[in-house]
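Colleague: Hi! I'm new to this one, could you walk me through it?
Modeller: Happy to, here it is.

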Amino acid sequence: MSAKITQPTGQKRLTNVAIVRLKKGGKRFEIACYPNKVSQWRSKIETDIDEVLQTQKVFTNVSKGEFAKVADLTKIFGTGDEAEICKLILSKGEIQVSEKERAAQLDEMFRDIATIVADKCVHPETKRPYPVTMIEKSMKAMHFSVKPSKNTKQQALEVIKQLKETGTLEIQRAHMKLRVVVPGKFGKKIRDHLHKIALETEEDSFENDLEMVILVDPGCYREIFDLVTSETKGKGQVEMLSLKEVEEGEEKL
């Protein structure tokens, strides 16, 4: 038996049907979904099942249009309700994607990673950001391989580390500018700590209270916040003046 999968009115046609497969009771069951909707359903962004499923039917083979037998569904799932079985497969099944689609996903992740790196980093001397195209070129030069199972932010941090280690690109995290204000009696100890952590001190005033404006690596923010909070018992302040200290313009290709 064959079945024709139709597109609902108003649904944007996508490159391919996304198949979600679940093996249970020694048999294979599949459902036909829209490629951009499965992850949205699992993250609860999409709640309308009709926007996710091409059809509320369970297949043994979507590509061949072969439906699962009701008797098999009832025996293995304990119900013949295909709408409920579709939801189960959707939540627990494995997404099957074509090589073309997988390559497109990896390309998109590659660009996203490069964009994050470009947004977070600058040239160490000029303090200017790099264009995304230069980051992409450098990633290719050091043969960076995208890992589909890891999020792009984690991989961007790996790229920054590898670029530094390999010397493929002169790069550093853009500095974060902070203002730290603490009562005078806590000033000396915290001031000494901040001088060790800070990459650059723009202001350093210690009269009644200690007030400093410093540039730090963004990764040090939590350390500074915890230091000031614990040492002053919550009486000190850490204010972020800017997330990135960069010069205008981009590095030239």
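Modeller: Below we go from the whole chain to a few places in it.

Colleague: What kind of model is this, and how are residues numbered?
Modeller: This is a predicted model, where local features need pLDDT of at least 70 and side-chain atom pairs count only at pLDDT 80 or more, while totals for chains, interfaces and linings use all residues. Residues are numbered from 1 along each chain as its sequence is written, and side-chain values use heavy atoms, with hydrogens and water left out.

Colleague: What pLDDT does the protein chain average?
Modeller: The average is 86, and 90% of the residues score at least 70. pLDDT is the predictor's confidence in each residue, from 0 to 100.

Colleague: Where is the pLDDT below 50?
Modeller: Over residues 6–15. Beyond near neighbours in sequence, that stretch has 13 contacts in the model, a contact being heavy atoms within 4.5 Å. Where pLDDT is low, the predicted coordinates should not be read in detail.

Colleague: Okay, how many helices and strands are there?
Modeller: The protein chain has eight helices and 11 strands. They are DSSP runs numbered from the N terminus: helices are H or I with at least four residues, strands are E with at least two.

Colleague: And how much of the protein chain counts as buried?
Modeller: Of its 253 residues, 36% do. Buried means under 20% relative accessible area, exposed over 50%, and partly exposed in between (1.4 Å probe, protein chains only).

Colleague: Let's look at helices. At what angle do helix 4 and helix 5 pack?
Modeller: At about 115°, with the axes of helix 4 and helix 5 (residues 132–141) 8 Å apart. Axes are lines fitted to C-alpha atoms, for helices over the stretch in contact, and angles run from 0 to 180 degrees between N-to-C directions.

Colleague: Which residues meet there?
Modeller: From helix 4, Phe110, Arg111, Ile113, Ala114, Thr115, Val117 and Ala118 meet Val132, Ile135, Glu136, Met139 and Lys140 of helix 5.

Colleague: Which residues of helix 5 are buried?
Modeller: Met134, Ile135, Glu136, Ser138 and Met139. The buried residues of helix 5 pack against helix 4 and helix 6. Just after helix 5, His143 has a positive phi of about 55°.

Colleague: What about helix 4 and helix 6, at what angle do their axes cross?
Modeller: Roughly 65°, and the axes of helix 4 (residues 99–120) and helix 6 (residues 152–166) come within 9 Å. On the helix 4 side the contact includes Met109, Asp112 and Ile113, and on the helix 6 side it includes Val159, Ile160 and Leu163.

Colleague: Changing topic: where does Asn61 lie?
Modeller: Asn61 is in strand 3 (residues 59–61).

Colleague: Why does Asn61 count as buried?
Modeller: Because its relative accessibility is 14%.

Colleague: What lies 3.0 Å from a polar atom of the Asn61 side chain?
Modeller: The backbone nitrogen of Ser63 does, and the backbone nitrogen of Lys64 also lies 3.0 Å from a polar atom of that side chain. Leaving aside neighbours within four places in sequence, Asn61 is in contact with Arg28, Glu30 and Glu66.

Colleague: Last one: is Lys185 buried or exposed?
Modeller: Lys185 is exposed, because its relative accessible area is 69%. Lys185 belongs to helix 7 (residues 184–197). Lys185 and Leu210 are 25 residues apart in sequence, and their C-alpha atoms are 9.0 Å apart in space.

Definitions and conventions:
A polar contact is a pair of N or O atoms within 3.5 Å; within protein, one must be able to donate a hydrogen and the other to accept it, and residues adjacent in sequence count only if both atoms are side-chain atoms.
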